[in-house]
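I opened a new page for this model today.

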Amino acid sequence: MLNHLRALDLTDDKGFLCGKILADLGVNVIKIEKPGGDPSRRIGGFWGGKPDPQKSLYWFAYNSNKKGITLDIEKPKGREIFKKLVKSADFVIESFPPGYLEKLGISYEDFSQSNKKLIWASITPFGTEEPYRDYKDSDIVVMGMSGTLYQTGESDGPPVHISLPQACLHAGADAAVGCMVAYYHREETGEGQHVDVSMQQSAAWFQANAVATYELNGSIFKRAGSFRMGMSTQVAQRQVWQCQDGYVFFNVIGGRTGAKTLSSLVAWMNEEKLATDFLLNIDWDTFDMFTVSQEVMDKISQPVGEFFLRHTRKDLLKGAVSRGVSLGPLSSMQDLLDDECLNERDYWTQIEHPELGTSITYPRTFIRSTEMDCSTRFRAPLIGEHNGEVYKEIGLSKDDLNSLKQDGVI
């Protein structure tokens with residue numbers, strides 16, 4: 001879609017996803033690393049199990065569809081080369097600490113006058129101008145300061161961090177959206193702009209439902225483990241239920257949707273003689289989650305839980321679909337690889353890694369379109385793999401590259 005555009009990707013793991021999304025949309029994204037490779041290449045796991053900067057699965061995941069060059073922008077020659085690269089760039093994406101690039105003389109302000117169409121995205125922990133701009137970060141710090149950790153964990157325990165770093169992914173996605181909005185604006189006006197993304201602000205959007213719940217109900221979301229808070233003023237709703245071979249997602253809710261799904265579920269349970277008299281006598285059309293007591297919820301949950309334990313995820317899904325019950329299995333990664341719907345949509349693809357002597361399974365595309373291909377087309381770059389190709393465009397010869405390599409510039 002956007003293969004006439006070019007982006008320079010100066011991000012670390014805080015912003016990789018931004019360049020990945022732009023690359024999937026067709027932008028010619030050039031990932032710029034320090035000589036010797038980006039530190040994130042040392043993030044595991046690794047293909048083959050042994051740490052190797054050329055075999056990081058993390059690097060593979062977030063840098064596919066990008067070309068890669070090495071360049072030390074802290075050296076004067078490196079900065080001069082970067083300035084030449086920016087002349088042909090539509091986007092620059094960076095995640096340096098605020099003020100770092102300004103000190104080097106290669107910030108947005110240094111280029112915006114000579115390249116008025118340039119779109120520059122900065123991804124930082126707390127924004128480029130806010131009171132916390134110079135604070136250091138880690139994912140757990142950002143997630144804590146965004147309010148997310150307040151809601152994660154068991155109700156009687158401390159906050160618990162989500163399993164994988166999340167704030168950087170949401171910030172990277174927000175930066176990609178910001179770049180596209182800025183690009184649309186540029187098409188209308190001819191002017192680029194600076195896109196300023198705060199990881200804390202991106203993570204705070206996790207709390208969108210918490211804000212609405214407080215405004216509507218006057219209640220504050222708190223940690224609830226596998227339950228859900230906010231749908232009732234008195235009880236917590238179990239969302240995750242164990243079955244024979246794993247877990248399913250199911251909510252006991254009121255209203256028209258709840259009446260339909262709970263009536264169907266109880267009828268299904270009754271077919272197998274597992275519905276209690278209590279369940280059979282509930283008028284689901286008048287069932288109100290906002291007034292239900294914990295005692296009533298326990299009398300509902302116990303037989304429902306026992307019913308789920310008698311079935312596999314596949315059986316529960318098949319029965320739920322045929323009866324109109326709102327229920328879904330919780331899938332493992334292997335389940336996703338085997339999923340008939342994803343496979344029907346050609347979601348998975350094999351990408352060749354010649355240096356490994358094999359191909360690796362990747363998600364193919366995040367959208368399908370009749371007008372464009374947004375697929376993962378090629379693997380992430382090796383260290384400095386495209387130095388010759390990219391630097392040739394700005395007039396550097398092989399001798400120049402050898403000299404720059406000896407000087408530690410590339």
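**Entry 1**

I began with K20, which forms a salt bridge with D24; their closest N and O atoms are 3.1 Å apart. I count a salt bridge when a side-chain nitrogen of Lys or Arg is within 4 Å of a carboxyl oxygen of Asp or Glu. This is a predicted model, in which local features need pLDDT of at least 70 and side-chain atom pairs count only at pLDDT 80 or more, while totals for chains, interfaces and linings use all residues. Residues are numbered from 1 along each chain as its sequence is written, and side-chain values use heavy atoms, with hydrogens and water left out.

Where do K20 and D24 lie? I found both in helix 1 (residues 16–24), 4 residues apart, about one turn of the helix. Helices are DSSP runs (H or I, at least four residues), numbered from the N terminus.

I then looked up burial. Both K20 and D24 are buried. Buried means under 20% relative accessible area, exposed means over 50%, and partly exposed is in between (1.4 Å probe, protein chains only).

**Entry 1: E33 and R41**

Next I checked E33. It forms a salt bridge with R41, and the closest N and O atoms are 2.7 Å apart. E33 has a relative accessible area of 1%, so it is buried. R41 also counts as buried, because its relative accessibility is 1%.

I moved on to R313. Its salt bridge with D335 has its closest N and O atoms 2.7 Å apart. This pair links distant parts of the chain, 22 residues apart: R313 is in helix 13 (residues 313–323) and D335 is in helix 14 (residues 333–338).

Is R313 buried or exposed? R313 is buried, at a relative accessible area of 16%. D335 is partly exposed, at 23%. I also noted a network here: salt bridges that share partners join D245, R313 and D335.

How many salt bridges does the structure hold? I noted 17.

**Entry 2: cysteines**

I looked for disulfides last. A disulfide is a pair of cysteine sulfur atoms within 2.5 Å. The structure holds 0.

C341 is in no disulfide, and the nearest cysteine sulfur, that of C374, is 19 Å away. C341 counts as partly exposed, because its relative accessibility is 48%. C374 is in no disulfide either; for C374 the nearest cysteine sulfur is that of C18, 15 Å away. C374 counts as buried, at 3% relative accessibility.

Conventions:
Helices (H or I, at least four residues) and strands (E, at least two) are DSSP runs, numbered from the N terminus.
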